[in-house]
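Take a first look at the sequence and the 3D view below. The report that follows covers salt bridges, a metal site and the nonpolar cores.

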Amino acid sequence: MQYRWLSKAGKAIWINCRGSAIYDENHQIKYLVGCINEIGKKQIADNVSGLLGETSFKNLIIPIQDDMHRGFVLRLGIDNFKNINENYGLKYGDEILKQTGNCIKEHLLNHQKLYRIVSDEFIILDLFGDKRDAKNLYNCIRDSITAYVESINYEVYHTLSAGALCFEENPTASYTEIMKWTEFGLSKAKKDGKNMCYVFKTEDYRKFQRKSELIKCLHQAVDHDFVGFEVHFQPIVQVDKNRITSLEALLRFECDTFGKVTPYEFIPLLEESNLIIPVGKWVLEQSIQAVCSLKPFIPDLKVHVNISYVQVLKTPILKDILNIINRYDIEKNQLVVELTESGFIESDASFTNFCKNLKENNIQLALDDFGTGYSNFHYLYNLKPNCIKIDRGLMQNALSNDYENLLLKHMIDMSHSVGVKMCIEGVETEIELHKIMNMETDYIQGYYYSRPCSLDELKYKLENHLIIKEA
Ligand code: C2E
Ligand code: CA
Ligand code: CA
């Protein structure tokens, strides 16, 4: 038998009671022999909220798991619960848990069952309702919590997020999947801003799995001496001299599981996992080595290297750059650091400081994707980069729309008036090239001249004059 006792303080204590009956000669129970224990960690329900725990939920689901065509599971989690415990103490945390349990119970229908899964998470099981019922239930609970927070005069402002899984759309969900998918759902709701309910979609989960798998592959690649990574190089042409003056280093990644992956997908993952720190350093070194080995073709060749905001915020990047340059026989001004404004918005100071430090050390700076951020012009005057780069999207707009065309021309004039060079990226065709030539841009980069390619391929193209045809 398992049951609860209430302590003097009114707290529920879980008890396990087992024993045997001793019968007398008339087959009547004479006495019971056994023991009564507090269950401790193996508790069936939780002492703070008095609710049943995960084991009970599991026992209920397992026999019916393949046969659920209606209903939903709503997994609820208190947002920032750790902060509440840390700032107000465990006792206050317990109180918030109890009150949250009460707010939930208020809205439950007879057929809906409530469980407490881990410290700050609850699960509601409903075997009849649908998606709309799940959302409505969540909204009602959220309103109750808001009302409770108001009633205690905002002493603690706590909120609740939820992940809902509806069986109508996921009828084959097993117990393990229910736990995995609702966990994913709840953390997605928290990631998307908290105090909201996310309804599970298989498509989102697949994306999430792909992302986790890909991060694993990236980790493995870094652990195995960057196998699968390769740096490709794309020429940048100086318009007035019609010659290649620099290259942009562009990272590539390929692995057995995913084949070739685009940088638009893997760079953000490298950033999220901080792997961009070792990989970025490796790209820098590969790029400088490339410049050295291309000396016979173009002695004063520059290389543009994309540096991520993560490298700027979390590493002594300037020291690393200077270190690498010192180890090779190149001039400091042969390195151009490319930075994008995005990612820096909140931490302006490190961005501007880094740019100033680059200037002081005679390392060139290019602002990438210029014209897409908020404070681009402010940067133009403040940071005086050596170069700004316009991406293909903006260039295409300028070629198809008179207003945007004028805007781009003014942008070029303005940059020139403060001594900043302009590079237009993504020029693919001869027609585009001629239109762009009329704009007095300083540099052009694009498939028209060459796609990004490996160092060997680039050497071959340079040897055979395949990029810029001699006049
Ligand atoms: P980005 O820095 O703006 O690089 C230019 C992108 O435009 C490259 O895409 C390049 O292949 C592409 N491109 C060049 N010419 C043309 C053209 O004529 N037509 C079209 N349609 N596209 C052209 P890619 O290589 O896929 O790289 C995507 C982005 O990934 C880069 O954009 C950059 O933000 C990031 N990235 C690439 N390598 C690195 C790296 O080593 N470190 C960091 N932090 N980011 C990198
Ligand atoms: Ca770039
Ligand atoms: Ca760009």
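## Salt bridges

Lys295 is partly exposed, at 28% relative accessibility. In this predicted model, its side chain meets that of Asp329 in a salt bridge (3.4 Å, N to O). The pair links distant parts of the chain, 34 residues apart. Lys295 sits in the loop between helix 8 and strand 12, and Asp329 in the loop between helix 10 and strand 13. Asp329 is exposed, with a relative accessible area of 62%.

The whole structure holds 16 salt bridges. Another joins Arg243 and Asp300 (3.3 Å, N to O). These two are 57 residues apart, with Arg243 in strand 10. Lys82 and Glu86 also pair up (3.5 Å, N to O). Both lie in helix 2, four residues apart, about one turn of the helix.

## The calcium site

Four residues supply the protein donors of the calcium ion (ligand 2): Glu248, Asn306, Glu338 and Asp368. They lie 2.1 to 2.3 Å from the ion.

Glu338 is buried, at 1% relative accessible area. Asn306 is partly exposed, at 32%. Glu248 and Glu338 also belong to one network of salt bridges with Lys389 and Glu425.

## Nonpolar cores

The largest nonpolar core has 83 residues. Among those with the most contacts inside it are Phe229, Phe253 and Leu339. Helix 8 gives the largest share, eight residues. A second, separate core has 30 residues, including Val48 and Phe122.

Technical notes:
Residues are numbered from 1 along each chain as its sequence is written. Chains are lettered from A and ligands numbered from 1 in the order in which they are written. This is a predicted model: local features need pLDDT of at least 70, side-chain atom pairs count only at pLDDT 80 or more; totals for chains, interfaces and linings use all residues. Side-chain values use heavy atoms; hydrogens and water are left out. Donors are N, O and S atoms within 2.8 Å of the metal (3.2 Å for Na, K and Ca); water is not among the atoms, so sites may look incomplete. Buried means under 20% relative accessible area, exposed over 50%, partly exposed in between (1.4 Å probe, protein chains only). A nonpolar core is a set of buried Ala, Val, Leu, Ile, Met, Phe, Trp, Tyr and Cys residues joined through side-chain atoms within 4.5 Å. A salt bridge is a side-chain nitrogen of Lys or Arg within 4 Å of a carboxyl oxygen of Asp or Glu.
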